[in-house]
Amino acid sequence: MVFIVCSILGVVSYSTLPISLLPDIPIPQITIKCSGSNMSAREMENSIIKPVRLQVSQINSLRDIKSETRDGTATITLKFEYGTNTDLAFIEVNEKIDATMNSFPQGTSRPRVIKASSTDLPVFYINLSLKSDKQGMPVDEEKFLELSDFAENVVKRRFEQLPEVAMADMTGLMYRNLKISPDFDKMESANLNLNDIEQSLFANNIEPGSMIVRQGRYHYNVKFSSVLRTLDDVKNIYIEKNERIFQLKDFADVEIVKKNESGISLVDGKRAITLAIIKQSDETIQSLRKSMDVIVNDLEHSFPDIEFTINRNQTELLDFTINNLQQNLTQGFILVFIVALFFLGNLKFPIINGIVMIVALIISFIFFRLFHQSINIITLAGLILALGNMMDSSIVVSDIITQYVNLGYLIDDACEKGVNEVILPIFSSTLTSIAIFAPLIFMSGIAGAIFTAQAIAVTIGLTISFLTGILLLPVLYKIMYTRKEFSAFDPILSKSQEKIDRVIFPLYTKGIRLVFKHKLIFLSILLFSIPLCVVLFRYMPTSTLPKLDYVETNVSIDWNENIHVDENLTRIYSLLHVIEGANSSAAYVGERQYLLDKEKELSPSETQLYIKTDEPKQVAILQKKIVDWLHIHYAKSLVSFSPPDNIFEKIFESSSPKFVLELHAKNDEDVPDLSSINKIENKMSMLTGESSEGVPIEIQYLIIPKHEKLLLFGINQNQLYQALKTALNDNQVTILHSYQQYLPIVISCKQESIERVLQRTLIKGYSSNSTISIPLNSVVEITQMADVKQIVAGKNGEHIPLIYSKITQPDKFISAAKTVIDQTSDWQVSLSGSFFSDQKLLKELVIVLLVSLVLMYFILASQFESFLQPLIILAEIPIDIGFSLLVLWACGHTLNLMSGIGLIVIIGVIINDSILKIDVINEQRRAGKPLKVAIHLAGERRLRAIIMTALTSILSMVPILFTNDIGSELQRPLAIAMIASMIIGTIVSIYLIPLLYWVIYRHSENKDNEKKDKISYT
């Protein structure tokens, strides 16, 4: 009755458990976004970014800091030690910024501080485009401006009204402004200049507020109507000059046009507006998706001219991954049931074991609820891992009860005696399996947090399976024993069991004879496995995580030229024709307009491209096409590829470069010398055969005022700056206060070469007490220079990063880097990258492995009340690990976090068979049996159970090998390590552990007892 109630509670708990891709863990990262209008990268670095960086570097638990500064924008990324309270760190970062604000240049906006969260990652992106637009063709600007208004004022609000939506962040919008294009020839004839236009605009756009006039007993609000509200208001502005009156439209074209764009969003080759949908932290992805589907369907029906598309959909990834893992769990259960069916020889006992396993799984969800766990790829993988052990306990109990029944015991006595015999070894094996996961909790960083969830899942599964195995299974065995409903298939199943027995028992006898005949050879194999493990640990390639095959990829392109957004867009249209085989694509051309964009800012000459294909192998094909096309058409361009954005990649940062060569200038006052950077790159390429991803370079014009000329003509710096701003760019003067919206009013000139612009643009000056117009090129000089596009700095200050992502020989690369460091005099060179964090992770795994061995030794020592017998059991671990590493290497896997966890889990799982076998040997010896007789009887008595438990453990992991979702790919190295170790471990448990037991205890036997042995293996 208790188990029925618990099963009902388990079903209810399962239905209420949240479903997510990964466990809900905090991301210890904070991003600071800074902006400085019209500030150069160097000016921003010195006046804003460096002071902020120095202040926030003093915060406790700060693990790493990195800033990237470009013209007008900068990003500072703070990474804290895992376990840091990011809420308190967020407050402290804001306090540090407030303390630094006083030193900022006047008018600088306050930096934005963004705290990282797993819920900040958009669940999906909704794209709005016009159905009338065609791929790769210019957009109808007027219609797209209307679409931008509609998206901002209608769609965004509809989405954000949903309780599941925290924010709908937008990019790709097109804006309007009022553009004034002066005719300089007419202005010169009227003796007008740009300053006259600006002053007139200011004078005619005053909004002083309302005034109150009293009239008798009444009072009235009087408004001063001197505000520009329409296009005609601006055209008809009057300007007085030298006793002559002009209107603005007489010498300038005034029109409302689209605002010059610095960023564009594309979807499948069409101009689009993209909304990133971010869910509320306490809402589920499933409820958000249902609500959004309703809104999108309604909008599609109401506005048939607009195309709504969804891409980068995290809900599809979640559903696909969770469904596959649930299928793996089900398939593993079915395979385990089939094995039990044929090995146990009847239908009753597999049904009993199946019921016990199902009840154990269902009850486990109660404890998932109590421990605040969700259904995710980590906890589901933990249950799959525990599935084999769940069946092991049931098989051992049912097998021993059956043996006592066959010996003639009554069913009640057989159940009692069988459970009493195996309860201690099963408890010990369960405890050792659980003890394996305890050290994982002490792993540092997010990896430790992630696999704490897996440890909890396995612990819950193993504990519940132990309790159901010793409490529920005997009751079900007694109930099913006398029932005849399932006896129809017994003859067939009994024959299959007999056939299996006729195969395995003779093989066991032949094998054990062979092992005892060649004792030295097999003992040498055990000893050889120890140095084999050391060598493989030393030379196997390492990585943080296994390689995951995606059908998506992000492509980052820096054209490495001073191009504008329109040229960038033209090139992307051409590139999209090259990747026509893609299922779908999206692109950010130039800057993004997202408010919560924690990534580095894109410049107008950069593009981030998203590509989705049908199969993972197509990703590599398209990547090669892109690289080849760029190499042929735009050799200067820099391209890099990264996995798609998802919570998994955000947490583990698997796309981090393997090595980064950081070049620090020895003299901070020196400007970076690009030629010396190229020399270091060439030297590294010559020594290693590897090329870096390149340093983005931009060509800059340096305008230097001629101060003596400025003084001579009475021109101040502000006049010069405004004239240059208008001539070279759009100069926003004021705002048109339209009734519907506010439009910027800008004074703009025609786009020409900088030399031509400076030659024909005039500025008002004075000579001999008279006003004259002077060309700008008379008071300034211009030079061209090349410089790095962004300034990168870290804890140790500014540096030039040379990124190497694809290094196949790390030792050779490190040796070459040391050579370059020793030979470089102009730079201080240091080395960083994910390689070193991988090495740290590997060391932690080795420590966890050693701690696990010590824990297991003490548990086994307390069970067997011996210091030697635990060593016999643990002696099989080196050969199991060594064989697993060989198989992993042969299958092309690295020594990573998942394969390392698999090796640790191996220790707790594989020795269970040896524990049970040695327990029976000890029992036989206590009953007075000679050593070899006890070994032989224990081997035969446990043979079927050992093979069955090995097969169940192997088959429960097999489905993971044949599915291609992110959860299965993540767990695949663990599954391969488990399967390989179970195969070799079963052989070792059956044959080599008895040999080692005999070697240690052979001298304790009396010579007379040795002569009485009825069985000889030599």
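**Close-up views of a predicted model**

**View 1. Trp559 and Tyr634 form an aromatic pair.** Trp559 is buried, and Tyr634 is buried too. Both residues belong to a predicted model.

**View 2. Ring pairs join five named residues into a cluster.** The members are Phe659, Tyr804, Phe813, Phe835 and Phe836. Across the structure there are 17 aromatic pairs.

**View 3. Eight strands build an open sheet.** The order is S4-S1-S3-S2-S28-S29-S21-S30, and the pairing is antiparallel. Strand S4 (112-115) and strand S30 (827-832) stand at the edges. Each has a single partner strand, so one side of each lacks a neighbour in the sheet. Neighbouring strands are turned against each other by 25 degrees on average, direction ignored.

**View 4. Strands S21 and S29 pair, and helix H19 packs on their sheet.** S21 covers residues 659-665 and S29 covers residues 797-804. They pair in the antiparallel sense over 5 bridges. Leu663 stands opposite Ile800 in S29. Helix H19 (residues 674-688) touches S21, S29 and S30. The direction of H19 makes about 35 degrees with that of S29.

**View 5. Four strands form another open sheet, with antiparallel pairing.** The strand order is S6-S15-S5-S16. The edges are strand S6 (165-171) and strand S16 (306-311). Each edge strand has a single partner strand, so one of its sides is left without a neighbour in the sheet. The twist from one strand to the next averages 25 degrees.

**View 6. Helix H8 lies across the sheet strands S5, S6, S15 and S16.** H8 spans residues 285-302 and runs at about 150 degrees to strand S15 (273-279). Strand S5 (residues 124-130) and S16 pair in the antiparallel sense over 6 bridges. Asn127 stands opposite Thr309 in S16.

**View 7. Helix H12 bends at Ile423.** The bend is about 40 degrees. A proline, Pro425, follows within four residues. H12 has 27 residues (residues 411-437). At 1.5 Å a residue, H12 should span 39 Å. The end C-alpha atoms of H12 are 37 Å apart, which agrees.

**View 8. Met982 is buried in the model.** Met982 lies in helix H29 (residues 966-1001). Its relative accessible area is 3%, which falls under the 20% limit and therefore counts as buried. Leaving aside neighbours within four places in sequence, Met982 is in contact with Val909, Ile910, Thr949, Ala950, Ser953 and Ile954. Met982 and Ile954 are 28 residues apart in sequence. In space they are 6.8 Å apart, C-alpha to C-alpha.

**View 9. Thr402 touches Phe349 and Tyr477.** Those contacts leave out residues up to four places away in sequence. Thr402 is found in helix H11 (residues 377-406). The relative accessible area of Thr402 is 18%, and buried means under 20%, so Thr402 is buried.

Definitions and conventions. Residues numbered from 1 in each chain as written. Predicted model: local features only at pLDDT ≥ 70, side-chain atom pairs only at ≥ 80, totals over all residues. Heavy atoms only, no water. Helix = DSSP H or I, 4+ residues; strand = E, 2+ residues; numbered from the N terminus. Expected span 1.5 Å × (residues − 1). Bend = angle between axes of the 7 residues up to and from the residue. Pairing = 2+ DSSP bridges. Axes fitted to C-alpha atoms, helices over the stretch in contact; angles between N-to-C directions. Contact = heavy atoms within 4.5 Å. Phe/Tyr/Trp six-rings, centres within 6.5 Å; stacked < 30°, edge-to-face > 60°. Buried < 20%, exposed > 50% of the residue type's maximum accessible area, 1.4 Å probe, protein only.
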